[in-house]
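Subject: Structure for you to look at

Hello,

Here is the structure I said I would pass on. My notes on what was found in it follow below.

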Amino acid sequence: MASQKNSQIIRWAVIITSFIIVALILWNTYDFFKKFKTEERAKMEILAKAYERFSTADLDAEISLESKIIGNNHNIPMIITNEKDSIAEWSNLDIEKSKESKFLQKQLSIMKGQNKPLIINYIVDDEVFTSYIYYRDSDLLTKLKYYPVALILILFLFASVIYLFFKSNKVAEQNKLWTGMAKETAHQIGTPLSSLLGWIEILRLENTDEETVKEIENDVHRLNTIAERFSKIGSIPILKKLDIVYATVSSFNYLKSRSSKQVEFIFKAPKKEILANINLQLFSWVIENLVKNAIDAMEGKGKIELIISENEKNVTITISDTGKGIPKKIQQQIFSPGFTTKKRGWGLGLSLAKRIIEDYHNGKISVLKSEINKGTTFSISLNK
C-alpha cells in the first residue's frame, strides 16, 4: 500500500515538474519572440529614417551610410506605398510571384495586419510628400512564433507514446494475471472432478436411481467443460470446421433446461449444417454468457430469442431479450474488463466473450440495439 502511494506521489511529481518545465520554455520563447519583434521594429525605424534622408538628400550629399542601411535589409519583407496606397517599391518577396499585382496586394494586406506602418516624410520642390513602409515578420520570427505549437505537439506525441506504452504494459500484466488465475482454477477443479467421477461409479454399483446418476454425471461433465475453458485462456485455441447450429443449440438448450419456466426460449436456425471455424468450448462459453446475461436482465421472466442466419461469407447469431436494456452512454463500456452493472460479479463475462470472438475467432460482437425497459439484442458475426 505504501509502495503504491509512493508511486502515485512520484508520478504526480513528474507530471507537475513536466508542466513547469513546459511553461518555462513557452514563457521564455514568448519573451524572446517579443524582444526579437521589438528589435525588428527598431531596425525598420532606422530603415525608414534612412529612406527619408536618402529622399531629401542633396545631389552632393554623402549618403553612403543610408544606402548601406537600405541595402542591408535582406530578411524582412516590406512594401512602400504612396499617399494613395499605391505600391511604389517592395523588397524581400518572391521575385516571380511579385510580378502579379494580386500577390503584392495580398502581401500588403498581411503586412497591414501584422505591424503598424512607418511614415516617411520628404520634401520635393518645397512640397511635402508622405510614403508608408509596411512590413511583416521575418521568416525567422515567423518560425519562432510557431515554435511553441510545435513543441506542444511534440510533447503531446511523446506523452501519448509513454501513456500507450505504460497502458499496454498494464494490460499485458492484467492478461498475465487473469491467465494465471484461469489456469490455476482449471487445475484446482480437476482434482475434485476425478473424485466425483469415481463417486458416480460407486452410486451405480449401489443401484442408485439411474436418472439421478445421469443428471449428476451431466453436471460433472459440465464442470469438466468449464475447466477446459479456463485452461484455454491465454493460449491460442485450435479452431475446427464445426456445425454452428449444433454448437449453439446445445448451449442454448442446456441453459433452457436449467432456467425458470417463466422464461420463454425461442431458437430459430436453418434446418441444415452451417460450418465455420470455431473452438467448441470457447464458442459455447460465449453463447452461455450472453444467454445468462439476458436471463439476469429480465430478472428470470421474459423472452429470449436466438436467431442464426447466413450469407455467402458470414454467419450471424443474434440474441435478443425483453429485459431492462442498456443505457446508450455505457454501451461502449460493457465489453471492458471489470465493468459491471450487477451488484455481484467481476465484470469479465462480456470482456471474455469479446476476446473469444474477436481475438480468437476473427469475428465481431456488438450491441445491435437496446431500448430501456424493452430489451437488448447482441450480434455475433463469424467468417465461414
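Strand 1 is covered on both faces: M78 and I80 are buried on one side, and I79 and T81 are buried on the other. Please keep in mind throughout that this is a predicted model.

Strand 1 (78-81) has two partners. Strand 2 pairs with strand 1 in the antiparallel sense, over four bridges. Strand 4 (residues 127-135) also pairs with strand 1 in the antiparallel sense, again over four bridges. T81 takes part in both pairings: its bridge partner in strand 2 is I87, and its bridge partner in strand 4 is Y132.

The hairpin of strand 1 and strand 2 has five residues between the strands. D85 lies in that loop, and its phi is near 70°, a positive value in a residue other than glycine. Most residues other than glycine have a negative phi. D85 is partly exposed, at a relative accessible area of 31%. S86 is in the loop between strand 1 and strand 2 too, and with a relative accessible area of 37% it is partly exposed. Leaving aside neighbours within four places in sequence, S86 is in contact with I80 and T81. S86 and S131 are 45 residues apart in sequence, while their C-alpha atoms are 9.7 Å apart in space.

Five strands form it, in the order 6-8-9-11-10, with mixed pairing. Its edge strands are strand 6 (263-268) and strand 10 (364-371), each of which pairs on one side only. From one strand to the next the twist averages 15°. Six bridges join strand 6 to strand 8 (residues 302-310) in the parallel sense, and F265 stands opposite I304 in strand 8. In the loop between strand 10 and strand 11 is N373, which has a positive phi of about 65° although it is not a glycine. At 63% relative accessibility, N373 counts as exposed.

Helix 6 (residues 244-257) lies across strand 6, strand 8, strand 9 (314-321) and strand 11 (375-383), and runs at about 170° to strand 6. Helix 6 has 14 residues and reaches 20 Å from its first C-alpha to its last, close to the 20 Å expected at 1.5 Å a residue. At its N-terminal end helix 6 is capped by D243, which has a side-chain oxygen 3.1 Å from the backbone nitrogen of V245. The buried residues of helix 6 are I244, V245, A247, T248, S251, F252 and L255. In an α-helix there are 3.6 residues a turn, so residues three or four places apart point the same way.

Helix 8 (residues 349-360) lies across strand 10 and strand 11, at about 135° to strand 10. At 1.5 Å a residue, its twelve residues should span 16 Å, and the end C-alpha atoms of helix 8 are 16 Å apart, so the two values agree. L350, S351, A353, I356, I357 and Y360 are the buried residues of helix 8. Their cover includes helix 7 (280-297), strand 10 and strand 11. Just after helix 8, N362 takes a positive phi of about 55°.

Strand 5 (residues 240-243) and strand 7 run antiparallel and are joined by four bridges. Within this pair, K241 stands opposite N277 in strand 7. Strand 7 (residues 275-278) has A276 and I278 on a covered face, and L275 and N277 on an uncovered one.

Which residues touch the most other members of the largest nonpolar core? They are I244, F283, V291, I304, I317 and I380, out of 40 residues in that core. Helix 7 gives the most to this core, with nine residues. Leaving aside its neighbours within four places in sequence, I244 is in contact with I274, A276, I278, F283, I308, V315, I317 and L382. Another core lies apart from this one; it has twelve residues, among them M44, I76, L118 and Y122.

Regards

Key
Residues numbered from 1 in each chain as written. Predicted model: local features only at pLDDT ≥ 70, side-chain atom pairs only at ≥ 80, totals over all residues. Heavy atoms only, no water. Pairing = 2+ DSSP bridges. Helix = DSSP H or I, 4+ residues; strand = E, 2+ residues; numbered from the N terminus. Axes fitted to C-alpha atoms, helices over the stretch in contact; angles between N-to-C directions. Contact = heavy atoms within 4.5 Å. Expected span 1.5 Å × (residues − 1). Buried < 20%, exposed > 50% of the residue type's maximum accessible area, 1.4 Å probe, protein only. Polar contact = N/O pair within 3.5 Å; in protein donor to acceptor, adjacent residues only side chain to side chain. Core = buried A, V, L, I, M, F, W, Y, C linked by side-chain atoms within 4.5 Å.
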